[in-house]
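Please look through the sequence and the structure shown below before reading the briefing. The notes after it are meant for a student who is meeting this kind of description for the first time.

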Amino acid sequence: MSRGSSAGFDRHITIFSPEGRVYQVEYAFKAINSTNLSAVAVKGVDSACIAVQKRIPDKLIVSDSVTSVYQLTPTISCCMLGIIPDCKYQVRRAQLEAAQWKYKNAYNMPAEQLARRIADLNQFYTQNAEMRSLGCGMLMISFDDEDGPQVYRIDPAGSYRNMKGAGLGVKDTTIKHSLEKKLKKKSDFDKDGTIQCALEVLQESLGNDVRASDLELIYVTKDKRAFNKLTTEEIEAHLTIIANRD
Amino acid sequence: MSIMSYNGGTVLAMAGNECVCIATDLRFGEQMTTVAVDQKKVHKISDKVYVGLAGFASDAKTVLEKINFRKGLYELRENRKLKPEVLATMISNLCYQHRFGSFFTEPLVAGLDPITSKPYICAMDTIGCIAAPRDFVAVGTGQEYLLGVCETFWRENMNADDLFEATAQSILSALERDAASGWGAVVYTITKDNVNVRTIKARMD
C-alpha cells in the first residue's frame, strides 16, 4: 500500500490514516481490555446468560459495589467491560433511550432496537472530532416476545451483531474458539445447560482455577425476563456439576 | 365550560394505621355525554404506591405516562423502590416545570413506605403544590362534596376494615351528588401485607 503522508494527527482524532484505518477506534478497542477482565454470553432454546469475571481492584473497596452487569430495562440486561466510567455512562444512556422508547411507543424497546441505538451512538463518536469513542464494549441479553432469547455484542466502532454466543474482553479470541467448538456440537441448551456452557467456556479461557467468588452470572428466561443474578453458592453448584462431569 | 370538569371524575384517599385507602369513580364523559363507565382514575405505580389523576383526562393520561417513565428510570438507576413522598415530589416537580402551560390534572398520591409501612397521602394543584395532611385528601369534580363527609367519617388510627368503610361511604355520597362522577366506585385498600380491590355499586348514572 503506498504510504501517503499524514502530519501525524491521524492518531490523535477520528480521521483516516493513509492506510484507511481510524487509529482512535482501534485504541478504543484496546481500552476494553484495560481492566483485564473477560465475559462470555451464550443463548439456548429459551434462555440466555452472561458470565463475567469479577475482580476487586483494591482491598478497601466494598465488594458489592463492584459489578460489570447492569439491568437496562425490565426485559434487557447487559454486561459492560472497559473503562468503568465510560461503561456507567453508556448504561445510563441505554436506560434513558429505552425509557424514552417506552414512553413514546408504549411498548418495551426490543433488544435489537436498543443494540442498534447504542451502536449508532458509538458510530457517531467515531466520525466526530469533538467526542472521543467510549472505551467499553457491551454484551446484551434479552428474551424477545417474537424472536426468543437474544445475545447482542456491541463494540466501540459502532457495529452490533446478533450472536449465538459471544465473548468480550482480554480473552475474547480464546472464548470465541471455545464457543465455536462447543456450539458446533450442541446449541439447544436448557437454562442450566446455557449457564454451564458459559461457565465452562470462561473457565477454559481463564485457566481452570477460577472460583465462584470471582465470577458474576446473569441470565434471562422466558418466564423470568428481568435481571436475574446468581448468588455465589448457585455459581458454585454449577461449577461443581461441571467438575463432576469431567 | 371548565376544562377541569369536561371529563368528570373524583378521587379520594384516606390514611389509617399502617394502611391507606384510595377510591375512584368510574365515569368518563364529554360534558353531559357519558362515554365510558369503566375508567379508573387511580393507577398502580409500584406495589404499595398508587396515584390518582382527576381533571382533564387527556392530560391525566399524559402525566401518568410521564410518571411511569420517571419511575422506571429511578428504580433502574437507584436500585430501590419508590417511596410515596419521593413520588409526590417527582410529580410536583414535573407539574411545576410546566408552570406556564400546565397539565389540567390534579394528582393525588397515596401509599405506604416500602420499608416502614408508614402511610402517606397528598394532593396537588395543577402546578404541583403539595398538601399532605394526616387524614384525607380529595380531588376532582366531587371534591367539595367529599370534604365535609370525610370530616365526619374519619377518625384517628383506623384499621383497614374501618378505613375501607369510611372511604367507601364518603365516595358514595359524592357520587350521589356530583353529576359528573358516578357509575360505581373502586376502592383500593393498601396494607403492608396486600392490596385489596373492591368495586362498589352505586347509582349507575
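Predicted model: local features only at pLDDT ≥ 70, side-chain atom pairs only at ≥ 80, totals over all residues.

Residues are numbered from 1 along each chain as its sequence is written, chains are lettered from A and ligands numbered from 1 in the order in which they are written, and side-chain values use heavy atoms, with hydrogens and water left out.

**Where chain A meets chain B**

- The contact (heavy atoms within 4.5 Å) draws on nine residues of chain A and seven residues of chain B.
- About 760 Å² is buried between chain A and chain B, and carbon and sulfur atoms give 64% of this area; buried area here is the accessible area, found with a 1.4 Å probe, that two parts lose on being put together, summed over both.
- Of the area that chain A buries against chain B, 65% is supplied by Arg92(A), Gln95(A) and Tyr103(A), which is more than any other three residues supply.
- One residue pair is in polar contact between chain A and chain B, with both residues at pLDDT 80 or more; a polar contact is a pair of N or O atoms within 3.5 Å, where within protein one must be able to donate a hydrogen and the other to accept it, and residues adjacent in sequence count only if both atoms are side-chain atoms.
- On the side of chain A that touches chain B, the elements giving two or more residues are β3 (69-73) and α2 (84-105) of chain A, and α2(A) gives the most, with six residues; helices (H or I, at least four residues) and strands (E, at least two) are DSSP runs numbered from the N terminus.
- That side of chain A divides into four nonpolar, four polar and one charged residue, where Ala, Val, Leu, Ile, Met, Phe, Trp, Tyr, Cys and Pro count as nonpolar, Asp, Glu, Lys and Arg as charged, and the others, Gly among them, as polar.

- Side chains of opposite charge can pair when their charged atoms come close.
- In chain A, the side chains of Lys182(A) and Glu204(A) form a salt bridge at 3.3 Å, N to O; Lys182(A) lies in helix α4 (residues 172-185) and Glu204(A) in helix α5 (residues 191-206), so the pair ties together parts that are 22 residues apart in sequence.
- Lys182(A) is buried, with a relative accessible area of 18%, whereas Glu204(A) is partly exposed at 42%; buried means under 20% relative accessible area, exposed over 50%, and partly exposed in between (1.4 Å probe, protein chains only).
- In chain B, Lys192(B) and Glu18(B) meet in a salt bridge at 3.4 Å, N to O, and this pair links the loop between β11 (185-191) and β12 (195-200) with the loop between β1 (10-15) and β2 (19-25), 174 residues apart.
- Lys192(B) is partly exposed at 47% relative accessibility, and Glu18(B) is partly exposed at 34%.

**Single residues in their surroundings**

- Gln53(A) has its place in strand β2 (residues 47-53) of chain A and is buried, with a relative accessible area of 12%.
- Apart from neighbours within four places in sequence, Gln53(A) is in contact with several residues, including Asn36(A), Ser68(A), Leu202(A) and Asp214(A).
- Ile190(B) sits in strand β11 of chain B and counts as buried at 0% relative accessibility.
- Leaving aside neighbours within four places in sequence, the contacts of Ile190(B) include Glu18(B), Val20(B), Tyr50(B) and Leu112(B).
- Glu112(A) belongs to helix α3 (residues 111-127) of chain A and is partly exposed, with a relative accessible area of 24%.
- Not counting residues up to four places away in sequence, Glu112(A) touches Tyr152(A) and Tyr160(A), while Glu112(A) and Met140(A), 28 residues apart in sequence, are 9.4 Å apart in space, C-alpha to C-alpha.

Terms used: Salt bridge = Lys/Arg side-chain N within 4 Å of Asp/Glu carboxyl O.
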